[in-house]
Amino acid sequence: MSESPQDPFGFFTQFLKPGTPNPFMPPLTEEEIDRKIVEMRTIEQWLTMQVGMLQMTVKTLEMQKAGLQAFKKGIDPNPDTTP
């Protein structure tokens, strides 16, 4: 760690020195890169599916709201008039 307690970024600056291995981004082999690409594509497909389901849920709720409004209007076509 850094010698100076006044330097809040001292711990991180030691990783920026030339020749120091970076523990936050280890070197990747071609196989590891291919595996990461497949993982990211899988996550992308899952997220796309979740967005589609969310959009379908919102549309369903909007249809239910419109149906309830139509039902209420059918029961009381003139809400301003009182007998």
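Predicted model: local features only at pLDDT ≥ 70, side-chain atom pairs only at ≥ 80, totals over all residues.
Residues are numbered from 1 along each chain as its sequence is written, and side-chain values rest on heavy atoms, with hydrogens and water left out.

The secondary structure consists of 2 helices and 0 strands, where helices (H or I, at least four residues) and strands (E, at least two) are DSSP runs numbered from the N terminus. Of the 83 residues in the protein, 2% are buried; here buried means under 20% relative accessible area, exposed means over 50%, and partly exposed lies in between, with a 1.4 Å probe and protein chains only. The protein exposes about 8,100 Å², of which carbon and sulfur atoms supply 65%; accessible areas were computed by the Shrake-Rupley method with a 1.4 Å probe, and for residues only the protein chains shown count as cover.

A nonpolar patch on the surface is formed by Met40, Ile43, Trp46, Leu47, Met49, Met53 and Met56, which together have about 730 Å² of accessible area. Patches are made of residues with over 30% relative accessible area and no salt bridge, like charges being joined within 9 Å and nonpolar side chains (Val, Leu, Ile, Met, Phe, Trp, Tyr) within 5 Å.

Side chains of opposite charge can pair when their charged atoms come close. A search of the whole structure finds 2 salt bridges, each being a side-chain nitrogen of Lys or Arg within 4 Å of a carboxyl oxygen of Asp or Glu. In one of them, glutamate 39 pairs with arginine 35, and the closest N and O atoms are 2.7 Å apart. Both residues lie in helix 2, 4 residues apart, which is about one turn of the helix. Glutamate 39 is partly exposed, since its relative accessibility is 32%, and arginine 35 is likewise partly exposed, with a relative accessible area of 43%.

Arginine 41 forms a salt bridge with glutamate 44, in which the closest N and O atoms are 3.3 Å apart. Because arginine 41 and glutamate 44 are 3 residues apart in helix 2, about one helical turn separates them. Glutamate 44, at 42% relative accessibility, counts as partly exposed.
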